[in-house]
Amino acid sequence: MPRTPIDITMPDLTGTRAVLTGGSDGIGLRIATRLALAGAEVVLPVRNSRKGEAAIAGIRQKAPSASVTLRQLDLSSLESVAALAGTLRGEGDPIHLLINNAGVMTPPARQSTVDGFESQFGTNHLGHFALVAGLLPLLRAGRARVTSQVSVAASQGAINWGDLNWERSYHGMRAYSQSKIAFGLFGLELQRRSVAHGWGIGSNLSHPGVAPTSLLAARPELGRGEDTQSVRIIRWLSARGILVGTPETAALPALAAATAPDAAGRFYGPKGPGHTGGAPAEQKLFSRLRNEADARRIWQVSEEQTGATFPAA
């Protein structure tokens, strides 16, 4: 039976500058394409320039007049994050949309970022935390919407407060869940602090559900030489329209969160069974994301570990 099309109506984004991490493949490439088709000027910070150029070529096949440009970014390096933020501040253009989408998932063995953090915590959370801090003047100038992409994995597990960098023991999935819980707590705390200090930024969360992407595929750079069994199953289910989504539908919650009116402080994801697939909709916050004391604590820890700070006003 043919899959019933799932989509959202995008607003006209002409005159909008959108910065998207993780936009060179998978869900991120679909998000970037839709932003470009809606008229946004899309900035893609990427680690791999070759993949970035291929992504731009693909976007322009669908949106020939698209304004899409690359910048260099390695979220696992705080020096690279600071360099990108400095470049964009130097350009001086307000940012209206920031979608924090990039991430890594479950290296089989513990890996460290160049700054010594466990790779998932350092990339998925701390790198984005430092990026938002570095871009804050431009986000304030654009009265930006900041959307941070978490995961269904944030509905389980916990923050390993006694060993945030998993140096005493390592469990890939638990470390991944921690990184997404921390990131979600940050995104919601950003909204609260923006309101309290008058930053003029709206911050919210999205999650893509489950879809066949490169996160669980073969990634030699992560020490994963072949596709996981999980991604093989997800591909099989996705091709048959069973439970999970596609890369196209998985992109929709972030797009809805980034562009829907009055979406600040809210959480978007697929509304199908188990929230693994289906049309995007506002969701109830996962229990791990509701603790405001944990959010304040992870904010303080993140400032200490990255050296990135936010103004009080």
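1. Basis. Residues are numbered from 1 along each chain as its sequence is written, and side-chain values use heavy atoms, with hydrogens and water left out. Because the model is predicted, local features need pLDDT of at least 70 and side-chain atom pairs count only at pLDDT 80 or more, whereas totals for chains, interfaces and linings use all residues.

2. Helix geometry. The axes of α3 (residues 78–91) and α4 (residues 119–141) come within 9 Å and cross at roughly 20°, the axes being lines fitted to C-alpha atoms over the stretch in contact, with angles from 0 to 180 degrees between N-to-C directions. The two helices (DSSP runs of H or I, at least four residues) are therefore roughly parallel to each other, a term for angles under 35 degrees.

3. Helix contact. On the α3 side the contact (heavy atoms within 4.5 Å) is made by Leu-78, Val-81, Leu-84, Ala-85, Leu-88 and Arg-89, and the α4 residues include Gly-127, Ala-130, Gly-134 and Pro-137. The contact residues divide into 11 nonpolar, 2 polar and 1 charged, where Gly counts as polar and Asp, Glu, Lys and Arg as charged, while Ala, Val, Leu, Ile, Met, Phe, Trp, Tyr, Cys and Pro are nonpolar.

4. Of the 14 residues that line the second largest pocket, the closest to its centre are Arg-30, Thr-33, Arg-34, Lys-62 and Glu-248; a pocket is an open set of points on a 1 Å grid, reached by a 1.4 Å probe, with protein on both sides within 12 Å along at least five of seven lines, and lining residues have an atom within 4 Å of a point. Helix α1 (26–37) gives the most to this lining, with 5 residues, and the lining divides into 7 nonpolar, 2 polar and 5 charged residues.

Technical notes
Angles under 35 degrees count as roughly parallel, over 145 as roughly antiparallel, 65 to 115 as roughly perpendicular and the rest as oblique.
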